Amino acid sequence: MPKLLKPTVDKDVYQKIRANKDKQAANYNKGAKDLPELQKGDMVRFIPPGSLTKEAVKARVDQQVGMRSYEVTTEDGAQYRCNRKHLRKTKEDDILIKS
């Protein structure tokens, strides 16, 4: 009876957990793709942080700051730094920036 009370430890537990995580990651990333880079002057739309209406505003890309980060200027002259996943490229005409 005391033999049944002793805990048993499975072998290769870490490897099994790692293999399961890798399998889950592969399934999750199956349909993933990288977004194309934006060029200076491209027109985009995004929802500004803190916006109460959650309405997308038109902006122009000023420059790429990091791997996935861009500086953009909106129609009213406000400047933002946004991650690429928040920016949606549009085919709209260029905007006039108020100085």
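Start by selecting Lys33, Asp34, Leu35, Pro36, Glu37, Gln64, Met67, Arg68, Tyr70, Asn83, Arg84 and Lys85, the lining of the largest pocket. On a 1 Å grid over the protein atoms alone, a pocket is an open set of points where a 1.4 Å probe fits, with protein on both sides within 12 Å along at least five of seven lines, and lining residues have an atom within 4 Å of a point. The space in there comes to about 230 Å³. Colour by class and you get six charged residues, four nonpolar and two polar.

Bear in mind that this is a predicted model, where local features need pLDDT of at least 70, side-chain atom pairs count only at 80 or more, and totals for chains, interfaces and linings use all residues. Numbering runs from 1 along each chain as its sequence is written, and side-chain values use heavy atoms, without hydrogens or water.

Now colour by pLDDT (the predictor's confidence in each residue, from 0 to 100). The protein's mean is 90, with 95% of residues at 70 or more. Strand E1 (residues 43–46) has the highest mean, 96, and helix H1 (residues 2–5) the lowest, 84.

Phe46 is in E1 and Tyr80 in strand E4 (residues 79–83), so the contact ties together parts 34 residues apart in sequence. Phe46 is buried at 2% relative accessible area (under 20%), whereas Tyr80 is partly exposed at 27% (between 20% and 50%).

Technical notes. Points joined across faces, edges and corners; volume = space filled by probe spheres on them. Nonpolar A, V, L, I, M, F, W, Y, C, P; charged D, E, K, R; others polar. Helix = DSSP H or I, 4+ residues; strand = E, 2+ residues; numbered from the N terminus. Buried < 20%, exposed > 50% of the residue type's maximum accessible area, 1.4 Å probe, protein only.
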